[in-house]
Every structure is written in structure tokens, then in C-alpha cells.
Amino acid sequence: MSLGSFASAGIDSKRQRALPIPRANADMKTFTPDSSIASDVIPSANYGDRNKGRQADMIVLHYTGMPDVEGAIAQLCTAGTDVSAHYIVLEDGRIVQCVPEAKRAWHAGVSCWAGEEDINSCSIGIEIINRGHDWGYPDFPLRQIAAVIALCRGIMLRRNVAPHRVLAHSDVAPARKKDPGEKFPWHSLANSGVGHWVQPAPIVRSEALKLGSISDDVAGLQAALARYGYNVPTSGKFDGATMEVVTAFQRHFRPERVDGIADHSTMTTLHALLSSLPADATQPATTVAVK
């Protein structure tokens, strides 16, 4: 679906209620939002400088994973919680900026992508209001996705972010995170130029690589995932860490079945993604001995 179709779903709809500003933040100094479509600024106390002057060239999408918007905004903006994001996208399409883009928000935690381990220093973090897997995991409203698309497109232009550098929190932290999850419409974002996507290969009966497998085929799978950017060594052993990475890959790129088993559909989709990347975008794999 195009951005225009999403916009018609109500991105400019009338505000439904006032935003819940944490009491401790009422006197914090505000700032001019970087995005012209940010409707509000609620400054977060949790941020710092980007390390070594690193510029943001990645966008990481999250869901808040909390039962209500009030709790999510308080968590992301109140001093002492040690978490924040640059933006929050509400269910009604409103966009709140909490941290200036030039600063380092604390959204990714322990994470890695394409050999980079300080993801907070090289990324813009966007939190999408959604209760998440632990609270029923509702669908994402069309107006919210329209807002995410518009916000990401602006950031990509300002920060020169390549489409394949728009990622899920689960991509950069597969052992810890599921968000924004398999219901998130990555294909719709890609149709509007946000993110990297190919049509997933159909799921058919086939041989598969799974937990406990040890073979050159497993090493090939791990090498391909590492070339795309995932943090997985090429050991030839399908261990728990490999299963977590395969699961994260499926949540993003083959959401019809998320089971951590590398079947024909998963591997074909992965190789199609690699084939459609820019020539300078793939990463070297790290090989380790099988024990």
C-alpha cells in the first residue's frame, strides 16, 4: 500500500486526548523538533553524546511493549529509567520527539549489526506504541504506520540512511528482543521506500536446518546471515544463538511462520535479500571452529 493510501487512513486526524507528560519533566528545557511532522516535544532526561562523533546512519524500530501510552512515555522520558528514544509514534498517528537526532538516545541496549556494537551511537530510535507480545500484541493501526513511514522517509533524507539500514530491534538484539514483531508491515514500508524487502519465498515441504544440526550447510547459512549484518559466527553448528538469529530474520523477512527453523523458504528469502543489496553493503563473516 502506498504512503498516500496510508495517509488517507487518518494520519492528520483530530487529536483524541492530551499527551501524558511525566510530572518530573514539566520544567525540562524543550527543543525544536528535527522533523516537521512531529506534533509535540516531550524532552527525555535519558541521552548523551554520540561516541567518537559518530553520525546516525541507521534507524531502529521498536514497539513499546507496555499496556498503556502513559506508562510508555513515562518509561522513555523520566530520569533514572535509563531508556529513551528519539521519537514515539502514537496509535493515532501523532509523533512525539523526545531526544534531538544529534544526540545519542538509549534505545538499543546490548546490540550489534554489521560489526558495530554501539548501535545507539549510529542510529535513530523510534518507539511505536503497541502493547507487544506480552500484552496481547494488537495489529498496528494504518494511521500509525503512515506516520512511521513519513517519519522514516524524512530521517532517511536528512541522515542519508540507506533502506537496508532501517532495522528491527530484534535484528540488532535477537537474543533479547522480539519487537516490532511479525505483525509489523515491513512490506508496506518498503513499498514507500523505507527498509529493504523482497517477497518471501513460499513455504513448501523441504529439508531444513534446525537446532543441533552440524554441517557445511549450517556454516553457509550462518555466513549468509552474517553477510546481511546479523551477529552470528560461522561455526557450522546450529546452536541456540543461531536459532535466535534465524527467528529474528523470520520475524522481519518471512513472518508467515516464525519457528527458528531454516527451511527452504527462509534460506531462499535470505539469498534473495543478499542479491538485491548494494554491492558494498554486505559484511564479512566470522569463522570459528566447531567444538
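How many salt bridges does the count come to by the rule used here? The count comes to twelve, where a salt bridge is a side-chain nitrogen of Lys or Arg within 4 Å of a carboxyl oxygen of Asp or Glu. In general, side chains of opposite charge can pair when their charged atoms come close. The structure is a predicted model, in which local features need pLDDT of at least 70 and side-chain atom pairs count only at pLDDT 80 or more, while totals for chains, interfaces and linings use all residues. Residues are numbered from 1 along each chain as its sequence is written, and side-chain values use heavy atoms, with hydrogens and water left out.

Lys103 sits in the loop between strand S5 (95-97) and strand S6 (104-105) and Asp49 in the loop between S2 and S3, so the pair ties together parts that are 54 residues apart in sequence. Helices (H or I, at least four residues) and strands (E, at least two) are DSSP runs, numbered from the N terminus. Lys103 is partly exposed at 28% relative accessibility, whereas Asp49 is exposed at 54%; buried means under 20% relative accessible area, exposed over 50% and partly exposed in between, with a 1.4 Å probe and protein chains only.

Asp57 takes part in two salt bridges, one with Arg54 at 3.4 Å, N to O, and one with Arg165 at 2.7 Å. The pair of Asp57 and Arg165 links the loop between S2 and S3 to the loop between H3 and strand S8 (166-168), 108 residues apart. Arg165 is buried, with a relative accessible area of 10%, while Asp57 is partly exposed at 23% and Arg54 is partly exposed at 26%. Through shared partners, Arg54, Asp57, Glu116 and Arg165 are joined into one network of salt bridges.

Arg50, in the loop between strand S2 (47-48) and strand S3 (58-63), gives another picture. This residue is buried yet has no salt bridge, and the nearest side chain of opposite charge, Glu101, is 7.1 Å away. Here Lys and Arg count as positive and Asp and Glu as negative, with His and the chain ends not counted. A polar atom of the Arg50 side chain does lie 3.0 Å from the backbone oxygen of Lys103. Setting aside residues up to four places away in sequence, Arg50 touches several others, including His86, Asn120 and Cys122; contact means heavy atoms within 4.5 Å.

Turning to the helices, the axes of H7 (residues 240-253) and H8 (residues 264-275) come within 11 Å and cross at roughly 70°. Axes are lines fitted to C-alpha atoms, for helices over the stretch in contact, and angles run from 0 to 180 degrees between N-to-C directions. H7 and H8 are therefore roughly perpendicular to each other, a term for angles of 65 to 115 degrees. Val246, Phe249, Gln250 and Phe253 of H7 meet Thr266, Thr269, Leu270 and Leu273 of H8 in this contact.

The backbone also deserves a look. Most residues other than glycine have a negative phi, and most peptide bonds are trans. A cis peptide bond, with omega about 0°, joins Asp179 and Pro180. Ala114 has a positive phi near 50° and lies in the loop between S6 and S7. Asn160 has a positive phi of about 55°, and this residue is exposed, with a relative accessible area of 67%.

Note on methods: Polar contact = N/O pair within 3.5 Å; in protein donor to acceptor, adjacent residues only side chain to side chain. Parallel < 35°, antiparallel > 145°, perpendicular 65-115°, else oblique.
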